[in-house]
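Subject: Structure for your review

Dear colleague,

Please find below the structure that I am handing over to you. My notes on it follow, and I would be grateful if you would read them alongside the model.

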Amino acid sequence: MVNSNMLVDEHVGLVSKMAKQLMKTNTHCDWLTEDDLVNAGYEALNAAARNYDPSREASFKTYATTCIRNAMVAEIRTMFPVRINDKQTKKSLVRNGETS
């Protein structure tokens, strides 16, 4: 069994690194703070450590990175609840770095 506290301690730096990266790419969100993303990321990291299954043949870092990024993107979406139905509009927003 993997010690979840040890996994969190070893990978806590991922959270702030990913939050900084997302803040750089989401410059249009002036109401979004890095703390918002970090909080979502820490929750995701803890959940990833609890739910990680080493038998699934993925490293914890890979699994945690996916969980953290998904949580941060979900946090952004809850603060910016815009539905994009038009494919051309979505492509334009992605090209301009406005969605993930």
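A crossing of two helices is called right-handed if the near helix is turned clockwise from the far one by less than a right angle, and left-handed if the turn is anticlockwise. By that convention, helix 1 and helix 3 cross in a right-handed sense. Please bear in mind throughout that this is a predicted model.

Overall composition

The protein contains 4 helices and 0 strands, and its elements follow the order α-α-α-α from the N terminus. Of its 100 residues, 27% are buried. The exposed surface comes to about 6900 Å², and carbon and sulfur atoms contribute 49% of that area. Among contacts with a separation of 6 or more, 64% are between residues 24 or more positions apart.

Helix 1 and helix 3

The axes of helix 1 and helix 3 come within 10 Å of each other and cross at roughly 40°. Angles under 35 degrees would count as roughly parallel; helix 1 and helix 3 are therefore oblique to each other. On the side of helix 1, the contact is made by L7, H11, L14, V15, M18, A19 and L22, and on the side of helix 3 by F60, K61, A64, T65, I68, R69 and M72. Sorted by class, the residues of this contact are 10 nonpolar, 2 polar and 2 charged.

Helix 1 and helix 2

For helix 1 and helix 2, the axes come within 8 Å and the crossing angle is roughly 150°. Because angles over 145 degrees count as roughly antiparallel, helix 1 is roughly antiparallel to helix 2. This crossing of helix 1 and helix 2 is right-handed. Helix 1 contributes S4, L7, V8, H11, V12, V15, S16, A19, K20, L22 and M23 to the contact, while helix 2 contributes E34, L37, V38, G41, Y42, L45, N46, A49 and R50. The classes represented in the contact of helix 1 with helix 2 are 12 nonpolar, 5 polar and 3 charged residues.

Helix 2 and helix 3

Helix 2, spanning residues 34-51, packs against helix 3, spanning residues 60-79, at an angle of about 140°, and their axes are 8 Å apart. That angle makes helix 2 oblique to helix 3. Helix 2 passes helix 3 in a right-handed crossing. The residues in contact are D36, L37, A40, G41, A44, L45, A48, A49 and N51 from helix 2, together with F60, Y63, A64, C67, I68, A71, M72, E75, I76 and M79 from helix 3. In the contact of helix 2 with helix 3 there are 15 nonpolar, 2 polar and 2 charged residues.

Individual residues

H11 belongs to helix 1, which covers residues 4-25. Its relative accessible area is 15%, so H11 is buried, the cut-off being under 20%. Leaving aside residues up to four places away in sequence, H11 touches L45, F60 and K61. H11 is named both in the contact of helix 1 with helix 2 and in the contact of helix 1 with helix 3.

S4 is also located in helix 1. With 23% relative accessibility, S4 is classed as partly exposed. The C-alpha atoms of S4 and A49 are 4.8 Å apart in space, although 45 residues separate S4 and A49 in sequence. When residues up to four places away in sequence are not counted, S4 touches A49 and R50.

T33 sits in the loop between helix 1 and helix 2. T33 has a relative accessible area of 36% and is therefore partly exposed. From T33 to K20 the C-alpha to C-alpha distance is 9.9 Å, with the two residues 13 apart in sequence.

E57 is placed in the loop between helix 2 and helix 3. Most residues other than glycine have a negative phi. The relative accessible area of E57 is 76%, so E57 is exposed.

With kind regards

Terms used:
Residues are numbered from 1 along each chain as its sequence is written. This is a predicted model: local features need pLDDT of at least 70, side-chain atom pairs count only at pLDDT 80 or more; totals for chains, interfaces and linings use all residues. Side-chain values use heavy atoms; hydrogens and water are left out. Axes are lines fitted to C-alpha atoms, for helices over the stretch in contact, and angles run from 0 to 180 degrees between N-to-C directions. Helices (H or I, at least four residues) and strands (E, at least two) are DSSP runs, numbered from the N terminus. Angles under 35 degrees count as roughly parallel, over 145 as roughly antiparallel, 65 to 115 as roughly perpendicular and the rest as oblique. Contact means heavy atoms within 4.5 Å. Ala, Val, Leu, Ile, Met, Phe, Trp, Tyr, Cys and Pro count as nonpolar, Asp, Glu, Lys and Arg as charged, and the others, Gly among them, as polar. Buried means under 20% relative accessible area, exposed over 50%, partly exposed in between (1.4 Å probe, protein chains only). Accessible areas come from the Shrake-Rupley method with a 1.4 Å probe; for residues, only the protein chains shown count as cover.
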